Amino acid sequence: SICLEQYNFINDEWVTSIPNHMIPNKGKTYAINEGNCANWDSLISTYVAQCLRGRSVRWTCCMVVDVHRHLLQGGCFLYPEDKKYRNGRLRLVYEAYPMAFLWEKTGGLALANVEGERILSKSFPRADVHVRCGVIMLGPDESKKIQPFAFQSPNMEWWQCKSENHKGKSGA
């Protein structure tokens, strides 16, 4: 869990707004740039079409805003690798790593690709800190729903363990 704080300008201090926050098990919205759907991997296309049906898409083109919404309200944020950008669009070191750390601390799953590679398991790119990667951040319910589509993943066992570890935890 993480402790969320906000700045109180009147008293000139940081105050705790949400102690011990965990991502809610299921959200009503998801974030993905649907304008790129023609370039998505088939797993992403199928997942969005079948598993996120009935939910509203919320895409502002600002990772911090989009991830923050789903961190608080549940759901998922997807900016995956695609046919046009094979290495993804977001920067590993200063976009993917920090958000993945927060996401996983609150009970979510942060992947770099559809093969199930965790963002936080990727080696630090010492030769080029501007390396890009895909970002797939799933809440507990969304993690369970992607599993049937990802049977070929060598990391499937880890996904199962992560899902089981979150059982019984409720969102704030």
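Predicted model: local features only at pLDDT ≥ 70, side-chain atom pairs only at ≥ 80, totals over all residues.

Q: How many helices and strands does the protein chain have, and what pattern does the chain follow along the sequence?
A: The protein chain contains 5 helices and 9 strands, and along the sequence these are arranged as β-β-β-α-β-α-β-β-α-β-β-β-α-α.

Q: What share of the residues counts as buried, and what does the accessible surface of the chain come to?
A: Of the 172 residues in the protein chain, 43% count as buried. The accessible surface amounts to about 9,300 Å², with 51% of it belonging to carbon and sulfur atoms.

Q: Among contacts with a separation of 6 or more, what percentage joins residues 24 or more positions apart?
A: Taking contact to mean heavy atoms within 4.5 Å, residues 24 or more positions apart account for 70% of the contacts in the protein chain that have a separation of 6 or more.

Q: How is a pair of aromatic rings described, and how many such pairs are there here?
A: The description of a pair of aromatic rings uses the distance of the centres and the angle of the planes. With centres within 6.5 Å as the criterion for a pair, the count comes to 5 aromatic pairs. In one of them, the ring centres of Trp-59 and Tyr-79 lie 5.4 Å apart and the planes stand at 75 degrees, so this pair is edge-to-face. The pair links distant parts of the chain, since Trp-59 is in the loop between strand 4 and helix 2 while Tyr-79 is in strand 5 (residues 76–79), 20 residues apart.

Q: Which arrangement do the rings of Tyr-97 and Phe-124 adopt, stacked or edge-to-face?
A: The planes of Tyr-97 and Phe-124 are at 15 degrees and the ring centres are 6.3 Å apart, so the pair is stacked. Because Tyr-97 lies in helix 3 and Phe-124 in the loop between strand 7 (109–111) and strand 8 (132–133), the pair ties together parts that are 27 residues apart in sequence. Tyr-97 counts as buried at 15% relative accessibility, and Phe-124 counts as partly exposed at 39%.

Q: Which residues form an aromatic cluster, and which residue lies over the face of Tyr-85?
A: One aromatic cluster is formed by Tyr-7, Phe-9 and Trp-14. Over the face of Tyr-85 lies Arg-89, at 4.1 Å from the ring centre.

Q: Which residues of helix 3 are buried, and what follows this helix?
A: In helix 3 (residues 92–105), the buried residues are Leu-92, Val-93, Ala-96, Tyr-97, Met-99, Ala-100, Trp-103 and Glu-104. Helix 3 is followed by Gly-107, whose phi is positive, near 100 degrees.

Q: Where do Asn-20 and Cys-61 lie, and what are their phi values?
A: Asn-20 is not a glycine, although its phi is positive at about 55 degrees; this residue lies in strand 2 (residues 13–21) and, at 57% relative accessibility, counts as exposed. Cys-61, likewise a residue other than glycine, has a positive phi near 70 degrees. Cys-61 is found in the loop between strand 4 (56–57) and helix 2 (63–73), and it counts as exposed at 62% relative accessibility.

Definitions and conventions: Residues numbered from 1 in each chain as written. Heavy atoms only, no water. Buried < 20%, exposed > 50% of the residue type's maximum accessible area, 1.4 Å probe, protein only. Helix = DSSP H or I, 4+ residues; strand = E, 2+ residues; numbered from the N terminus. Areas by Shrake-Rupley, 256 points an atom, 1.4 Å probe, with all protein chains shown as cover. Phe/Tyr/Trp six-rings, centres within 6.5 Å; stacked < 30°, edge-to-face > 60°. Lys NZ or Arg CZ within 6 Å of the ring centre and 35° of its normal.
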